Amino acid sequence: MLRKIIIWVLAIILVITMLPLFAFAEEQPSIQSPGAFLMDMKSGEVLYAKNEHQKFYPASITKILTAIIALEQSKLDEQVRTSKLAREQEGNRVYLAEGEFQSMENLLYGLMLNSGNDAAIAIAEHISGSVEAFAELMNRKAKEIGALNSHFVNPNGLHDPEHYTTPYDMTLIGKYAMQNEKFREIVKTETRPWHGKEWESVLNNINPMLYNYEGVNGVKTGFTDQAKQTIVVSAVRGDRELIGTLMFADTRQMIRLDSTALLDYGFEKFTTRKIVDKEQFISTVPLGKEQQIGLKTAYEFYFTHAVKDNPDIQTRVQLNPQLKPPIAAGATVGSLEIVSAGKVIGSIPLISDKEVTVPPSFLQKLGVNISFSWWYTLLPAPLFLIGLIYRRARIRSMRQVHVQNFRDYRNQNYY
């Protein structure tokens with residue numbers, strides 16, 4: 001009997017101790033895709049990660065990087081000629097004819113809506129002269145963005161063993177691209193007429209999440225046999241925006257379900273608060289008896305936390321050491337540290353709200369300015385006075401010598 005009681009007590013204790021683990025497991029989304037990553041767009045806070053730094057083949061989500069480079073390196077009305085190489089691309093196309101001209105804007109819509117592999121090659125050759133040169137540009141841009149574990153060899157994502165990225169890197173690239181308003185406009189467009197030399201049609205955005213999830217506003221899907229299903233997806237609800245990446249999913253259904261679960265998790269389990277606005281006034285700092293500057297934030301700051309939490313957020317000012325004039329308007333004079341539970345969770349540069357010059361000297365306050373040309377006319381006066389004093393002293397000294405010589409002469413004659 002005693003043995004049974006002990007067993008029951010131990011079982012109850014085990015269940016009680018495991019409850020927090022069960023609760024935690026229930027909070028996590030059920031993601032079947034081998035690679036996944038989710039980030040809050042405004043705060044940059046990581047909300048979910050699964051094999052986020054593992055290398056996968058990206059397929060057509062590569063075109064996100066191609067598109068943002070094209071937007072930064074060219075004008076929308078530039079005319080782009082289709083080469084033989086572009087014409088011969090496989091997979092999704094907008095059926096460009098060799099020698100056909102299309103505007104860069106049209107090609108970008110063909111690239112992102114219809115996932116045109118031929119459009120990608122035409123864009124790359126127009127900007128860099130060759131696919132190889134454009135790939136070098138892609139890799140440089142990826143590194144600038146912070147995608148350090150990626151390597152691209154073509155602009156469309158057709159399979160190559162040396163063409164790879166990670167869920168983390170692609171999320172950073174997608175987040176960067178979504179800062180461009182034209183890019184946003186393109187990737188949220190559902191349909192657009194296409195007028196080509198050999199193909200007249202309507203482009204339909206092949207991103208299924210645009211039609212199956214409330215608030216989705218981009219960005220791109222991809223597929224090859226080696227990469228399987230991939231997607232970078234972003235969505236807005238209220239004043240929040242999330243962006244995430246899923247890679248190596250087996251089926252279209254799986255990646256749609258995973259995208260839904262990932263976004264639901266981010267919106268339901270987390271909230272984002274704006275802590276300070278851009279150019280928000282913080283305080284004033286005295287620089288002497290008569291001077292002071294105002295401190296403003298250089299940019300806004302957001303903080304993301306679990307909905308169930310209610311963290312106490314505080315701020316503290318850190319000024320640059322030996323802060324003194326001259327200070328230019330907009331110059332960085334310190335930082336505003338964002339603190340939660342005694343830990344610094346962020347830091348924002350503080351800038352001066354105005355220009356502060358060096359205080360005037362005593363002579364300047366009296367109206368005397370050594371920069372005036374008349375001041376230099378007075379410079380010889382002290383030299384003349386010194387010379388006059390020296391001359392009079394020398395004359396007096398010579399007279400004393402003459403008197404002494406006369407006395408010596410007289411004394412010699414007397415003796």
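The model is predicted: local features need pLDDT of at least 70, side-chain atom pairs count only at pLDDT 80 or more, and totals for chains, interfaces and linings use all residues. Residues are numbered from 1 along each chain as its sequence is written, and side-chain values use heavy atoms, with hydrogens and water left out. The chain has 13 helices and 16 strands. Both are DSSP runs numbered from the N terminus: helices are H or I with at least four residues, strands are E with at least two.

**Whole chain**

- Of the 415 residues in the chain, 41% are buried. Buried means under 20% relative accessible area, exposed means over 50%, and partly exposed lies in between (1.4 Å probe, protein chains only).
- The chain exposes about 23,600 Å², and carbon and sulfur atoms supply 54% of that area. Accessible areas come from the Shrake-Rupley method with a 1.4 Å probe; for residues, only the protein chains shown count as cover.
- Take the contacts between residues at least 6 apart in sequence: 61% of them join residues at least 24 apart. A contact means heavy atoms within 4.5 Å.

**Largest pocket**

- The volume of the largest pocket is about 450 Å³.
- Its lining comprises 20 residues. Asn92, Ile206, Gly222, Phe223 and Arg252 lie nearest the pocket centre.
- Two elements give two or more residues to this lining: β7 (216-224) and α10 (252-269). Strand β7 supplies the largest share, four residues.
- A pocket is an open set of points on a 1 Å grid over the protein atoms alone, where a 1.4 Å probe fits, with protein on both sides within 12 Å along at least five of seven lines. Lining residues have an atom within 4 Å of a point. Grid points are joined across faces, edges and corners, and the volume is the space filled by probe spheres set on them.

**Backbone exceptions**

- Most residues other than glycine have a negative phi, and most peptide bonds are trans.
- The peptide bond from Gly218 to Val219 is cis, with omega near 0 degrees. Val219 lies in strand β7.
- A cis bond also runs from Pro325 to Pro326, again with omega near 0 degrees. Pro326 sits in the loop between β14 (313-319) and β15 (332-340).
- Lys228 is not a glycine, yet has a positive phi of about 60 degrees. It belongs to strand β8 (residues 228-237). Lys228 counts as partly exposed because its relative accessibility is 26%.
- Ala341 also has a positive phi, about 55 degrees, without being a glycine. Its place is the loop between β15 and β16 (343-352). At 81% relative accessibility, Ala341 counts as exposed.

**Nonpolar surface patch**

- Leu385, Leu388 and Ile389 form a nonpolar surface patch, with about 280 Å² of accessible area together.
- Leu388 is in helix α13 (residues 380-414). Its relative accessible area is 39%, so Leu388 is partly exposed.
- Patch residues have over 30% relative accessible area and no salt bridge; nonpolar side chains (Val, Leu, Ile, Met, Phe, Trp, Tyr) are joined within 5 Å, like charges within 9 Å. A salt bridge is a side-chain nitrogen of Lys or Arg within 4 Å of a carboxyl oxygen of Asp or Glu.

**Around Val153**

- Val153 lies in the loop between α6 (131-145) and α7 (167-177). With 25% relative accessibility, Val153 counts as partly exposed.
- Leaving out residues up to four places away in sequence, Val153 touches Val131, Ala135, Asp160, Glu162 and His163.
- Val153 and Ala135 are 18 residues apart along the chain, and 5.1 Å separates their C-alpha atoms.
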